[in-house]
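Please read this briefing with the sequence and the model side by side.

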Amino acid sequence: MEPLKTVRGVIAPLDRANVDTDQIIPKQFLKSISRTGFGENLFFDWRYRADGSPDPEFILNDEAFRGAAILVTRHNFGCGSSREHAVWAIAQYGFRVIIAPQRDENGNRIPGFADIFRNNCAKNGVLTVELSESQVDGIFALIERHPGMQATVDLPAQQITLHAENSPVISFDIDPAIKERLLKGLDDITKTLTHEAQITAFEHTHDTQMPA
Amino acid sequence: MPKTLFEKIWERHRVTGFEDGTTLLYIDRHLVHEVTSPQAFEGLRLAGRKVRRPELTFATLDHNVPTENRHEITDPVSRAQVDALTRNCREFGITLFDLDDERQGIVHIIGPELGITLPGTTIVCGDSHTSTHGAFGALAYGIGTSEVEHVLATQCLPQARPKTFRVTFEGRLQPGVTAKDMVLKLIGTIGTAGGTGYVLEYCGPAIRALSMEGRMTVCNMTIEAGARAGMVAPDDTTIEYICRTPRPYAPRGEALEKAIAFWRTLPGDEGAVFDRELTIDASEIAPQVTWGTSPGMVTDVSARVPFPDQVPGYSPADVEKSLEYMGLAPGTPITDIAVDTVFIGSCTNGRIEDLRAAAAIFQGRRVAEGVRVLVVPGSQQVLRQAEAEGLDRIFREAGAQWRQSGCSMCLAMNPDKLEPGQRCASTSNRNFEGRQGKDGRTHLVSPQMAAAAAVTGHFVDIRSWQKG
Ligand code: SF4
């Protein structure tokens, strides 16, 4: 996995909540048995018309957002199916960072990202950043005034800089384990296998039929 | 300290902890299907790794299987995926229930059927509906393909500990109201992200009164509420299900006696504390019908399609987009919505009890003019059972199509699909845009409600309809 430290690039707005992984990569593209070739089919049903030409209505087809590296969207992004293909499509399209808002509604936290999706992102070098709703509203408003503007996401410093007007630098929180993994591009399996002796010892006493 | 069911299982499977607070969790059962596994096996091969415990890994073909003639996979890409899993299982020494195997079926149907799913175990699969297996008092959840590779290589998974959430269903369901309606009601109440970060435990008299099939339906759709796992503590119903017929992978004889004694220790202790609690009165639940493109966009069959500003948890713009996609006008009574397709099946409602419930509605009746009805058993075992009971005849005589087992029209990765603009009453679990076919429109309902819609051509309130 490629380490991720600082990402500078165009920030593209996808103004929808609850974008599910069926939308991110429709099922006809799950049939591939390799790990590549998903990028061109990202958001397929929204991105292309029936005749296969790009739908000019869809935001990523707007010239201003060509080659975007950062996506800003609304809450519960990546819900639904566990398909990791969704993250492969996002990463292979060229996105390295996704930003989404979280909010608290009568004690109920509505997250920026669905659980499995967020996990899958971390395993594929894609950074997911949760900000407050007003911060995300601010980013959408700024992009509307400056379509095609760039942003810099600095993972070590946990900061986002929007390169327009004199917009403030936004700080973000991140799980330290995920931060470390992204910074180093760590492979999880290698890490687990350093505990080989413990796994073997565990297996000696653990009955998987009756795990008492 | 009193412990919850989840805590007991979690602690028994803890291999070690990491500095960052995550736990290395041991996995007892790893289920594999053809869609989310090829890249994981490819990864193993590239790294020169083996499958650590092939005997704890079970594979089946389900998503791509044609349900009319399972041996005629004409789509070359489907074929490639099926062949890849067959090759991978042979190379890595994994049991595969292939298309010739009488045990084949949807992964979440065959696990319980074959006794692979047992109380107190940890179960993962590269499929979000792995939550189904929690009905047995197992900790079961869906994982991504990188995690599939991780489990294949190490039989473990590093996991952050989720929080716990108890959902209590008080009271009794009204006649005609089912487990499907309970879980749709829950999703409508807490929203599709309401359970994110939690493991749900279902409790209360209305849960205890459910059969294992019903409990599986509830746990299955837990992921639609954002929670990766849902669980029900094992009880007599659980043990009776496991002992009912010979289940090849379940313990037998003395081992079974010991296992039962262990399973009895699993329910949460008196006074165990949950991070969050919710109580729902089951007696107030009406049959549910989704009207939008998210499982949380759901209402009572007796209600109307809402106006965009009336839906808690969704912005008016999201609701407008959904209604446009669904071709529905706000204010339309749900019972005025006409369907042209009915799908009865999937890992949510493709078990024998679901087919019996649907058959009871079809018995002596005919499918409405112009409605295409697919009845698809969740496994070959369900198929044989249904045929032994004569259910297939009831379906055929009513004018429905009786198919072979597979995921079928739950997700349109095989020949069973909706055409653009078609409207389907479906017993599956997701009403996302395009889920059942591009521009297809899905309404999620229980098997009874789907069968009644097939007969009348539109939604009906099963409670009054059955009496009349
Ligand atoms: S029936 Fe549907 S939800 Fe269940 S495993 Fe198959 S595709 Fe997934």
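A salt bridge here is a side-chain nitrogen of Lys or Arg within 4 Å of a carboxyl oxygen of Asp or Glu. By that rule, eight salt bridges are found across the interface of chain B and chain A. This is a predicted model, in which local features need pLDDT of at least 70 and side-chain atom pairs count only at pLDDT 80 or more, while totals for chains, interfaces and linings use all residues. Residues are numbered from 1 along each chain as its sequence is written, chains are lettered from A and ligands numbered from 1 in the order in which they are written, and side-chain values use heavy atoms, with hydrogens and water left out.

**The interface of chain B and chain A**

- The contact (heavy atoms within 4.5 Å) takes 76 residues from chain B and 60 residues from chain A.
- The buried area, meaning the accessible area (1.4 Å probe) that two parts lose on being put together, summed over both, is about 5,400 Å² between chain B and chain A, and carbon and sulfur atoms give 54% of it.
- In chain B, the residues that lose the most area to chain A are Q39(B), R52(B) and E433(B), which together make up 11% of what that side buries.
- In one salt bridge, the side chains of K31(A) and D75(B) meet at 2.9 Å, N to O.
- Between chain B and chain A, 28 residue pairs, both at pLDDT 80 or more, are in polar contact, which is a pair of N or O atoms within 3.5 Å; within protein, one must be able to donate a hydrogen and the other to accept it, and residues adjacent in sequence count only if both atoms are side-chain atoms.
- Helix α5(B) gives the largest share of the side of chain B that touches chain A, namely seven residues; helices (H or I, at least four residues) and strands (E, at least two) are DSSP runs, numbered from the N terminus.

**Chain A as a whole**

- Chain A has eight helices and eight strands, and its C-alpha atoms fill a box of roughly 65 × 45 × 40 Å, taken along the principal axes.
- Of its 212 residues, 57% count as buried, where buried means under 20% relative accessible area, exposed over 50%, and partly exposed in between (1.4 Å probe, protein chains only).

**Helix α10 of chain B**

- The buried residues of α10(B), which spans residues 253–263, are L256(B), A259(B), I260(B), F262(B) and W263(B).
- These residues lie on the same side of α10(B) because they cover an arc of only 160° around the axis, the arc being that of the directions from the helix axis to the C-beta atoms.
- The buried residues of α10(B) pack against α1 (5–12) and α9 (236–244) of chain B, whereas the face turned away from the buried side carries the exposed residues E254(B), E257(B) and K258(B).

**Single residues in chain B**

- S426(B) is placed in strand β18, residues 423–426, and counts as buried because its relative accessibility is 0%.
- The side chains of S426(B) and S428(B) are joined by a polar contact of 2.6 Å.
- Leaving aside neighbours within four places in sequence, S426(B) is in contact with several residues, among them K180(B), F343(B) and H443(B).
- Q155(B), in the loop between α5 and β8 of chain B, is a residue other than glycine with a positive phi, near 60°, and Q155(B) is buried at a relative accessible area of 0%.
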